[in-house]
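Visitor: I would like a close look at a single part of this model. Please keep it brisk.

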Amino acid sequence: MDKKEYIYVDSSGIEHKIALEESNFELKQQNEAIHDQKFKTKPTTFFKDALKRFAKNKSSVAGGIILGILLVLSLLIPVIDTNNIDVSHPYELFLAPKAFNAGTGFWDGTKKIENAPCDTSKKIVDEAGNVFYYPFEANYPKRAVSKLTPAKVGYLEDATAAANYGYANIICVKSTATDIDITDEEAISEYATVFYSQNYAFDLTDTYKVTLTVLDEHIEGFARCDYRVLIDYKAKTVDERKTVTLKEFSDDSKLVAGAVNDTISTLKTKKLEVSNFLEEVAADPDVAANGLENANLRIEMLPVANSQSSLAIRSIIFEAENDTSIPFTNLGFDNANQMILKQPSARGYWTSTGTKKLYHGLGYVCSFVYDTYEAAYGVQERTLSLSLVNEYVEKGWISSSFNIDDALYNDAALELDKYYKTLKTDLTDKYCPIVSMKEITVTTSGGITAYQFICDVYGYKWLGYAEMPKFLFGTDSTGNDLLKLVFVGLRTSLGLGLLTFAICFTIGLVWGSICGYFGGTVDLVMERFTDILSGIPWIVIMTLCILNLGSNFFTFILAMCMTGWIRTASITRTQFYRFRDREYTLASRTLGAGHPRLIFRHILPNAMGTIITSSILMIPSVIFSEATISYLGLGFQDMHSLGVTLSQNQTYLLTNPVLILFPSAIMALIMISFNLFGNGLRDAFNPSLKGSD
Amino acid sequence: MWKYVVKRLVLALITAFIILSLTYLMMKLLPFQRPIGMASDQWRYYEAQLDYGYVIKFATEQKEGYGDLLFTTEGTDLVKDGNNWYYYQRPILEQYFNFWGNVLTKWDWGTSTAIQFNASAMSIIGSRLPVSIGINIWSVLVSVPLGIALGIWAALKKNKPTDHIISTIVMVFISVPSFIVISLLIKWLAFDLKLFPSQWPDATSTTQNKILGYFIPVMALSFGSICGYCRFTRAELCEVMSSDYLLLARTKGLTKTQCITRHALRNAMVPIVPSILAEFIGILSGSMILENLYNIPGIGGLFVLAINSKDYSVLMVDMAMFTLISLTASVFLDISYGFIDPRIRMGAKNNG
């Protein structure tokens with residue numbers, strides 16, 4: 001069998017026969033061994049491939065970069081920014097954000113104040129005949145006010161109005177309702193200005209009296225209103241509160257000449273008395289049967305039809321013959337802030353941020369640009385104590401031409417007086433806060449002499465800054481730097497997120513691996529456990545943990561980890577199921593690989609990418625949960641976090657919206673970039689999930 | 001199928017029992033909050049607690065074994081027969097069994113100590129539930145059509161500018177926490193533009209105000225849901241659109257519109273419909289911050305109120321409510337999948 005015949009058919013269908021023998025073949029390479037050739041292209045790993053896919057997704061890369069920047073900032077800013085945020089700074093409240101010098105008009109530490117109540121005592125008239133009034137000095141110092149608009153009549157909605165318009169213990173507010181029907185009870189209750197006393201358990205056997213002191217004279221367009229006194233009471237066992245009108249007083253005040261500010265304290269007053277006002281209440285059959293639970297007095301200033309009515313009331317005094325414990329013996333208004341006035345639209349009482357506001361009030365208002373930094377840090381008058389002045393003398397900032405050592409054998413107090421009277425300021429020193437010494441007052445009482453130095457000082461130097469500070473995000477209600485607060489808070493939030501992620505990831509990985517790898521009964525039992533655990537809403541776990549253990553960093557981590565690992569566990573379990581029964585795992589098992597080798601060499605490396613990327617989205621959700629909990633009033637008590645900052649500033653949403661805007665912006669940015677980044681990572685590692693977000 | 005439903009329900013009941021038990025015991029571990037009020041009301045409270053079996057009373061003061069004295073009639077004019085009583089807490093486990101007894105036999109979940117002193121906690125929840133449900137119904141009515149429509153639009157214009165714009169907006173609204181959205185809505189719509197009331201109108205306000213009062217809460221709740229539905233619909237529809245049977249339908253000569261309405265949408269709706277039902281139940285517990293910020297007298301606001309006033313009985317019932325709501329939602333979701341999609345046979349033997 002030397003030759004073999006082979007038959008083949010070519011493309012045109014013709015059969016060929018060929019005969020081949022061994023000598024027809026020869027070995028080309030006899031000296032060289034053949035090896036695997038290297039790939040022409042670069043070899044790639046799973047991770048490199050995933051990274052390449054990730055880099056193609058531009059929004060995710062952008063998210064990653066923003067995330068990185070925020071992370072770096074949250075580590076850097078708390079170190080670089082040396083402002084102390086753990087104490088309050090009473091002179092630096094609510095400074096506006098400032099990045100540029102004042103006058104730039106944008107981000108320059110100024111606020112536009114609109115419709116602030118005017119101090120009408122000083123009138124300024126310009127060439128065109130416009131009338132200007134500056135706002136009250138105590139609220140808005142004149143030196144910080146610029147671009148003042150001419151005064152106009154407007155609503156007194158500013159929070160400071162109540163304090164400013166109480167003159168000489170009298171509140172006077174104009175109602176703007178001009179076209180209401182005073183016979184219509186609904187309209188009255190809508191527009192009347194009402195004062196309520198607190199609920200009090202009146203003794204039916206006692207005799208009570210209420211005295212209103214109101215103005216008996218009025219100025220043009222002012223102090224015209226009728227009053228009525230009512231009592232709201234609740235009988236025991238009856239749910240409903242009933243109302244009885246006790247007495248109505250019509251306005252008969254006399255018109256006198258004068259302006260509001262000048263004459264208001266000299267206007268004559270009259271007393272309106274309502275005595276024994278429990279008679280009608282006691283006559284009520286419900287009260288007679290079950291007794292009186294409590295009652296409160298209501299005093300209404302009724303609107304006057306077709307005229308601007310106003311309210312001018314000096315005091316309300318309650319008296320009882322026997323009952324000395326009566327809590328409102330004298331509810332006179334010490335200042336206008338004690339007055340609670342009715343809100344025009346809803347039937348409620350406006351007591352936002354603890355400041356009472358005047359509603360239905362008209363007065364002179366002006367708008368202007370207010371430089372908050374000038375107000376806080378500009379040259380201003382301060383009274384310095386003796387010890388502070390002595391400290392400045394020691395530092396060499398101020399000196400005296402009078403040599404005290406030469407004169408000490410004389411009358412010490414007199415010599416000291418001379419000494420201080422000749423104090424001079426060294427203006428060249430950049431830390432010296434004093435601009436000029438204006439007055440020194442010496443008071444002696446009980447043998448102790450007290451010195452008070454009234455000086456003009458540079459506000460910022462006086463507060464310990466070498467130069468005018470700039471707060472990029474402004475300051476909050478305690479005068480703390482918002483920039484530092486936000487980034488320290490971000491650091492806490494991120495730390496919380498990362499730590500929770502690390503713990504949950506570890507627990508979830510171990511749990512899921514055991515479930516997925518062993519399967520069967522083990523899996524079934526462990527799955528039921530996670531089923532039950534995942535049925536508890538996180539807010540319930542959180543609340544229970546915080547109530548039992550107090551609100552701190554570790555309670556939060558504990559509460560978040562309680563259910564946080566379940567997601568990781570279920571992903572791990574699925575991944576293990578997926579790779580456990582693959583052929584290559586089976587091959588390895590057949591070759592005798594043990595559990596550890598199978599798990600750590602064959603299954604985990606393949607599953608890891610998906611598990612990590614799917615779990616990483618836990619971090620933004622932890623940050624979100626922390627903020628939510630803080631909003632509900634259970635936030636950290638001893639730490640700054642984004643949620644705590646946000647919830648503390650919530651009350652200033654209307655007056656200082658930037659306090660909410662900046663933390664919100666950072667919060668939104670971190671959430672958006674985390675989600676973009678996380679989704680991009682997941683798409684890259686697990687292309688089959690793409691688009692399902 | 002029915003076997004699966006029953007199995008799922010039983011499991012949910014067991015879960016609910018375990019969770020409620022844990023919650024109750026955890027709440028009982030907190031220091032006892034003495035109700036504050038007039039002595040006669042307090043006495044009424046402790047007498048009721050005595051009937052329910054949470055408190056025990058003795059004719060003499062107990063020094064050991066019963067913890068702190070809760071209340072005594074000594075020095076008050078409440079006792080008519082001359083005997084003074086001293087009230088103590090029963091052991092926690094005893095209280096726990098009595099609690100389940102009361103829940104199952106009398107449907108009594110505890111008594112409020114601060115919010116409405118001496119009122120039953122369940123009645124407080126009951127009076128506040130309609131408000132929460134009302135807002136949620138409106139929010140679902142607004143968000144479902146809008147969300148699905150936006151999702152369909154985005155899916156049809158996939159990878160075109162429209163899709164990118166919608167996806168970006170959805171991404172932003174899903175990422176921005178709801179309290180920020182609510183704060184900004186209140187500031188902008190209520191205070192700056194003065195379109196709507198700045199807080200929930202109370203019972204005495206005008207009908208117009210009451211209607212206007214719905215706008216901000218419904219908007220605040222809807223934004224998140226709209227984005228959720230939109231994203232979900234888009235993902236589902238995109239998946240269906242790239243499937244082979246849709247290509248076949250096109251090849252057979254159906255127009256694009258016919259393809260989408262007859263084949264794509266119907267199939268895409270399969271997972272969306274159950275999620276709407278579940279979302280409606282689930283959203284109830286998600287409006288805590290909204291109700292707190294907008295002063296809405298619902299069960300979410302009650303949660304915060306109960307924490308702040310330390311009314312633990314009401315808090316316990318409120319938490320139980322949230323747990324039950326979320327469990328119901330998940331059971332509902334699982335079961336409705338099986339009913340709506342004939343391909344899914346849950347509980348069937350897995351042959352894979």
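Visitor: Which residues in H15(A) meet which residues in H17(A)?

Guide: First, the ground rules. This is a predicted model: local features need pLDDT of at least 70, side-chain atom pairs count only at pLDDT 80 or more, and totals for chains, interfaces and linings use all residues. Residues are numbered from 1 along each chain as its sequence is written, while chains are lettered from A and ligands numbered from 1 in the order in which they are written.

Now the contact. From H15(A) come A:Arg567, A:Thr568, A:Ile571, A:Thr572, A:Gln575, A:Phe576, A:Phe579 and A:Arg580. They meet A:Ile603, A:Asn606, A:Ala607, A:Thr610, A:Ile611, A:Ser614 and A:Ser615 in H17(A). Contact requires C-beta atoms, placed from the backbone, within 7 Å. The residues of this contact divide into six nonpolar, seven polar and two charged. Here Ala, Val, Leu, Ile, Met, Phe, Trp, Tyr, Cys and Pro count as nonpolar, Asp, Glu, Lys and Arg as charged, and the others, Gly among them, as polar.

Next, the geometry. H15 spans residues 553-580 of chain A, and H17 spans residues 595-615 of chain A. Helices (H or I, at least four residues) and strands (E, at least two) are DSSP runs, numbered from the N terminus. The two helices pack at an angle of about 150 degrees, with their axes 9 Å apart. Axes are lines fitted to C-alpha atoms, for helices over the stretch in contact, and angles run from 0 to 180 degrees between N-to-C directions.

Strands E19, E23 and E22 form an open sheet in the order E19-E23-E22, with antiparallel pairing. Two strands pair if DSSP finds at least two bridges between them. The edge strands are E19 (379-385) and E22 (434-445). The twist averages 20 degrees from one strand to the next. Seven bridges join E19(A) to E23 (residues 448-458) of chain A. Within that pair, A:Arg382 stands opposite A:Cys455. Helix H9 (residues 386-395) of chain A lies across E19 and E23, running at about 100 degrees to E19(A).

Key: Contact = placed C-beta atoms within 7 Å.
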